[in-house]
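Hi,

Here is the structure I said I would pass on. Have a look at it first, and then read on for what turned up.

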Amino acid sequence: MTPPFLDQLVAALPLVRGEQLTRFLPPPTGGRQAAVLALFGEGEPGGEGPDLLLIERAATMRSHAGQPAFPGGAEDEGDGGPVGAALRESQEEVGLEPSTVTVLGTWPQLFLPPSGFVVTPVLGFWHDPHPVRVVDTAEVAAVVRVPVAQLADPERRVTITHPSGWKGPGFDTDELLVWGFTAGIVDALLRFGGWERPWDRGREQQLDEATVKLALRSAPNLAGSTPAGTVPVPER
């Protein structure tokens, strides 16, 4: 059984279409299958209420280095699909016990042109939360539980800009600046979950030089184009 704060998100699950999430839909053939886990919890004791589990990718990774992310990765043959992949990767990366997760469902597949991944977002409720940590230091630099209240706070929402001219949603939380592909999914989660509040889309924040260098190092062929790891969401 899921808590009431997830009711609207769960009700919207079968109605979500790929074009509502991104302009980059998967090609008819090709692409490497992957999955990420968008995991909601009821929040830590004394905290700000419901939260979302996020990570920061290690700066040494070949792709998406140093970027905010959901736990997840490429599907393996034994995963049995995106749900199995998202749970396995989450266990390997942050020590998440799969039995503590209630899977709510999946969203349509999204395409990441920089890496060629076809990504399935898996939505879950953490019905029995436990301590998580960085397990795979080669892939993860930090693990954070970000309150939904912070993500929905209009004062924390910005439009991220990249020297290439790309713009996308951003969330300036206490522990992590959320941008790119992950911010696009978070933006949609807030919208479909009923948590989105009006905010100033004209408030822009440029990515710092170190972040830009990491993004371009991850996908040098994208210099002057869309930064690595990002999937622009449709204009609304």
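Before anything else, one cut-off that will come up again: a residue is called buried under 20% relative accessible area, exposed over 50%, and partly exposed in between. Keep in mind too that this is a predicted model.

The side chain of Arg-156 meets that of Asp-153 in a salt bridge, at 3.9 Å from N to O. Asp-153 has 22% relative accessibility and counts as partly exposed.

That pair is part of a bigger topic. In general, side chains of opposite charge can pair when their charged atoms come close. How many salt bridges are there here? The count comes to 15.

Some of them share partners: Asp-76, Asp-79, Arg-88, Glu-89 and Glu-92 are joined into one network that way. Within it, Asp-76 bridges to Arg-88 with the closest N and O atoms 3.5 Å apart. Asp-76 sits in the loop between strand 4 (72–74) and helix 2 (82–94), while Arg-88 is in helix 2, so this pair ties together parts that are 12 residues apart in sequence. Asp-79 also forms a salt bridge with Arg-88, and there the closest N and O atoms are 2.7 Å apart.

Are these residues buried or exposed? For Arg-88, the relative accessibility is 16%, which counts as buried. Asp-79 is buried as well, at 14%. Asp-76, on the other hand, is partly exposed with a relative accessible area of 40%.

Leaving aside neighbours within four places in sequence, Gln-150 is in contact with Glu-48, Arg-156, Thr-173 and Asp-174. With Asp-174 there is a polar contact between the two side chains, at 3.0 Å. You will find Gln-150 in helix 3 (residues 148–152), and at 4% relative accessibility Gln-150 counts as buried.

Now for the aromatic rings. The structure holds three aromatic pairs. In one of these, Phe-5 and Trp-195 have ring centres 6.4 Å apart and planes at 40°, so the pair is tilted. Which parts of the chain does it link? Phe-5 lies in the segment before helix 1 (7–12) and Trp-195 in the loop between helix 4 (180–193) and strand 12 (204–206), so the pair ties together parts that are 190 residues apart in sequence. Trp-195 is buried, its relative accessible area being 16%.

Another pair is Trp-107 with Phe-192, where the ring centres are 5.8 Å apart and the planes stand at 70°, so this one is edge-to-face. Trp-107 is in the loop between strand 5 (101–106) and strand 6 (110–112) and Phe-192 is in helix 4, so parts that are 85 residues apart in sequence are tied together here. Both Trp-107 and Phe-192 are buried.

One last thing to look for when you open the model: Phe-5 and Trp-195 belong to one aromatic cluster with Phe-40.

Happy browsing!

Notes. Residues numbered from 1 in each chain as written. Predicted model: local features only at pLDDT ≥ 70, side-chain atom pairs only at ≥ 80, totals over all residues. Heavy atoms only, no water. Phe/Tyr/Trp six-rings, centres within 6.5 Å; stacked < 30°, edge-to-face > 60°. Helix = DSSP H or I, 4+ residues; strand = E, 2+ residues; numbered from the N terminus. Buried < 20%, exposed > 50% of the residue type's maximum accessible area, 1.4 Å probe, protein only. Salt bridge = Lys/Arg side-chain N within 4 Å of Asp/Glu carboxyl O. Polar contact = N/O pair within 3.5 Å; in protein donor to acceptor, adjacent residues only side chain to side chain. Contact = heavy atoms within 4.5 Å.
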